[in-house]
Amino acid sequence: MTAAVQIIRPGLQTTIQDFGRAGLRHKGVPASGAADPRAMIIANRCVGLEDGAAVFEFTLNGPTLRLTADTGFAVAGAPCEIKLNGRVVGAAKGHLARAGSLIEIGRITQGARGYVAFDRAIAAREFGGSKSTHIYSGLGGHMGRALEKQDRIKLGDRSGAGLSAQQPLRITDAQILRIVPGPEFRYLTQKSKTRLTQIPFTASAQTDRMGTRLNGKKLSLKSKTPHMVSSALLPGTLQLPAGGQIVLSLVDSHCTGGYVRAARIIRRDLPLTGQIKPGSPIWFRWARETDV
Amino acid sequence: MRQYRLMSYGDDALLIDFKTELGPALAMYVAQLRETKLFSDVIPAYRSITVQFNPEDVSEAQVREVITTALANPIALPPGPIIDVPVYYNGADLRSAAKTLGLKPKALIIAHSAPLYEVAFLGFLPGFTFLSGLPKHLALPRHDSPRLRVKPGSVGIAGAQTGIYALPSPGGWQLLGRTPWKLFNPEAKAPFRFKAADRLKFTPITKSEFDNMLEHEA
């Protein structure tokens, strides 16, 4: 029997991700990839695979999986309960699951996303050199969509690299994200420029891998703000539509947009955005020269 | 050379902001910027080019210098091929758009299918085709609240832009018609039907011609 993972319960949204497909935004293809690559790397290291090997990314509520063959696995990222055949096991640590084993991943208590790595390659669609799922365009992953009950994902041979434990991440709901001014920052009113880093925001229910709309006091644009023409949109951008509520673009965001790009999160803090869930408190801080 | 401003867009990207729409020069600048091999992505748009780099490999000051040199030496490119694109002009907004513009629907169809457009860039979602060359008098406002699902192949106008949706997606453009052609096929050897600098000519077709040529699943 070939090695495979059976999806018994898919969880809220579980997709196959890796480092994503960079360099295709000029074709309209978003990068995608693990929303929190730090956690994906830890999971992969626990099972002795390369940092960017494809993994399962789960959201808020983890999946239940059955393995058809002996397989090493590890779970890392947002804290949650992990059970192997009914027994609780630790995160950020490689475990051996015998053929027929059941892995049950519970509800995430802080943050939004966790990662399951196996010591076998995950079979998935590839596009642009990546297996990452982009649901909106049906690219990568398992049939270009989130995993569903009764899906059966084929696995390759065991790597044989050995299982280990890694230092887990500390993940919290609240996020402090460092930003630098964006190309249209100058169109914010003086009051809004100041407010941006002085008031708290909260991620709204409209939060997914594409982006998150933030609740908080409204920001406003100067009255003489010109009409925007479509231009590049990069992940981590604080867009400000006329309505005054920030829309933060994330890993799956479309490649061009037409809103004011008020600011952008620095590269180092981008992985933190993968842990934003509805209700997460968010503060923005101006990055210092030494941060970037 | 065109006038431009360099603007920071995060700690790993710079936006080259041009005063006016570039037309054919856009592809030439993009080609030269790609040639530097310094950027993980070079993203053109109507009036801007955004370049992304790794700040661990190169400083923003170095990138600024490279851009200045590259833009002074655009690579000359031959004009792109002319492609006749069939369009069934029966979009959900055709009548209201014509009314807004003070035209009969038929006159709008004639006016929209007359120009030779150029593919300015692909963007938004995979294969979405942004064209340049829309006659100024056909500019239309974007819908205030976008439709939840626009069919793939839909041809529309938003502001002074016209373009074609490649995939089903939400969208706020005013829809004039639809091409039966599939513009993005991830399984194909060449997944994208059009590329920047291609020149497109819309040919109005009838409903039965559309049905016969239909490549979309729905």
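How far apart do the C-alpha centres of domain 1 and domain 2 of chain A lie? Select both and check: the centres are 28 Å apart. Domain 1 is 4-158 and domain 2 is 175-291, with bounds from an automatic or database domain assignment.

Before you click on: this is a predicted model, where local features need pLDDT of at least 70, side-chain atom pairs count only at pLDDT 80 or more, and totals for chains, interfaces and linings use all residues. Residues are numbered from 1 along each chain as its sequence is written, while chains are lettered from A and ligands numbered from 1 in the order in which they are written.

Now select where the domains meet. In chain A, 19 residues of domain 1 are in contact with 15 residues of domain 2 (contact: C-beta atoms, placed from the backbone, within 7 Å).

Next, colour by the largest nonpolar core, which has 72 residues. Such a core is a set of buried Ala, Val, Leu, Ile, Met, Phe, Trp, Tyr and Cys residues joined through C-beta atoms within 7 Å; buried means 20 or more other C-beta atoms within 10 Å of a residue's own. Helix 1 (residues 37-46) of chain A gives the most to this core, six residues (a helix is a DSSP run of H or I, at least four residues). Domain 1 (4-158) and domain 2 (175-291) of chain A both contribute, so the core lies between them.

Zoom in on A:Val55, one of the members touching the most others. Beyond neighbours within four places in sequence, A:Val55 has contacts including A:Met40, A:Ala43 and A:Tyr115.

Last stop: a second, separate core of 68 residues, with B:Ile16 and B:Leu131 among them.

Note on methods
Contact = placed C-beta atoms within 7 Å. Buried ≥ 20, exposed ≤ 12 C-beta atoms within 10 Å, placed from the backbone. Helix = DSSP H or I, 4+ residues; strand = E, 2+ residues; numbered from the N terminus.
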